Every structure is written in structure tokens, then in C-alpha cells.
Amino acid sequence: MKKQLYVLSLLLLVFSCKENSNEEKQTLEKTTISSALDNEENQVLNNSKQDSKSQKAIYKTLKKKTPLTIEQLLPIIPEHINGNKKIGEHRFEASNQMANGTYGSYDSPYNFWIEDGSGSRAIVRNFYDSFKFKNKGQEGTEYVYQDRDGYQTIAFIQPKIKRNQISFIYNNRFKISLLGSDNADTLWSYIDFENLKKLDQY
């Protein structure tokens, strides 16, 4: 009888150890999977070169949108830049999701562009990738990557020819650029955000 109790106790002990082992194994597997997922998310968060979930959503949404027509883009071109009026008869041009205007004098003009980043063009993605990777300019030129008034901006400085450009993305869709002889901060101050609000309906 003692032998049978001993064998029964031994079997119960082995069985309970096996159950504990299975539970520990399952817990370990869950922890490992959870840890791997957390680790992957942290890598995306910590790797500033990868697209975030929100950026991927923006790019996906832009692909589904229909680009604005020339008739929709042209009214967004400002009437003047820093008091400088449009130059010549053909002051505005528009083609293939882009419109631009020229202002001031032929000797030292200001050029304003608006590009619609919707549809199949990767205008917005290219801009944000440039901001992330911080490309260098050719010798004698410089790119300046800076947050201005809540916008990521890229300034292209060309001191030899005294021409500078500042660009940014408006409403996660439109690339706005202004080229002129002034420094980047001054060019930024010429951007007419009240006029750009016309784009808010799109």
C-alpha cells in the first residue's frame, strides 16, 4: 500500500511539474513574441530614417486624391511678393500639378511655386525624405534644414550667385517654394499664409 501511495505521489509530482513547465513555456513564448513586437515598434520610433505610421498613412491618402487642375492652382499664386508685382504678360504658368509666378524685376526676380503632391507623384515623400536624410549641397552651396513656425523647411543657399530658395509642405499635400536674392529667413517672412488658406478646402 505504501508503495502504491509512493508511486501515485510520484506520478502527481511529475504531472504537476510538466503542467508548470508547459505554463512557463507558454508564458515565455508570449513574452518573447510581445517583446519582439515592442522591439520592432521601438526600432521604428528610434530610427528617424524610417517612415512613421502617420507618414505612411499620408502617402497612401495622397495616392488616392485627384490632383488639382490648372484652374484650381492658379488662384493660389499670390498677387505680389513683398510688394513686388508680377512680371510681364505671362506672369503665371501652370502645368502637370504645378503653378508658378515671377515677381519684381528681371535683374533680381522672385519665383514662387506650388506643387500638388497628390496622385502618383512623390513630391511630399521626396521632401520629407530629404529632410530626414539631410543631403549636402554641392561645393559653394548649402542646404539648411530647420523647423519654422511649426513647418519643416529646407533652404537651398547659393551665395555665389546670390539666389536662395526656401521650401516647405503645406497641409501634408502642397510643396511651396520661394526663390529670391534674400536670405532664407527673409524669404520665409514673405510667405502669405492667409493666401495659402485657399488650399484648405482641398
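How many bridges join strand S7 (residues 151-158) to S8? Six bridges join them, and the two strands run antiparallel. This is a predicted model, in which local features need pLDDT of at least 70 and side-chain atom pairs count only at pLDDT 80 or more, while totals for chains, interfaces and linings use all residues. Residues are numbered from 1 along each chain as its sequence is written, and side-chain values use heavy atoms, leaving out hydrogens and water.

- Strands are DSSP runs (E, at least two residues) and helices are DSSP runs (H or I, at least four), numbered from the N terminus; two strands pair if DSSP finds at least two bridges between them.
- Ile154 has Ser167 in S8 as its bridge partner.
- Four residues lie between the strands in the hairpin of S7 and S8, where Lys162 takes a positive phi near 55°.
- S8 also pairs with strand S9 (residues 174-180), antiparallel and over seven bridges.
- The bridge partner of Phe168 in S9 is Ile176.
- In the hairpin of S8 and S9, with three residues between the strands, Asn171 has a positive phi near 55°.
- Seven of the eight residues of S8 (residues 163-170) are buried (under 20% relative accessible area, 1.4 Å probe, protein chains only).

**Cavity**
- The whole structure holds one cavity of 30 Å³ or more (a set of points on a 1 Å grid over the protein atoms alone where a 1.4 Å probe fits but cannot get out).
- The largest cavity has about 50 Å³ of space, the volume being that filled by probe spheres set on the points, which are joined across faces, edges and corners.
- Its lining residues (an atom within 4 Å of a point) include Phe112, Tyr190 and Asp192.
- Strand S1 (80-81) and helix H6 (193-196) each give two or more residues to this lining.

How values were computed. On a 1 Å grid over the protein atoms alone, a cavity is a set of points where a 1.4 Å probe fits but cannot get out, and a pocket is an open set with protein on both sides within 12 Å along at least five of seven lines; lining residues have an atom within 4 Å of a point. Buried means under 20% relative accessible area, exposed over 50%, partly exposed in between (1.4 Å probe, protein chains only).
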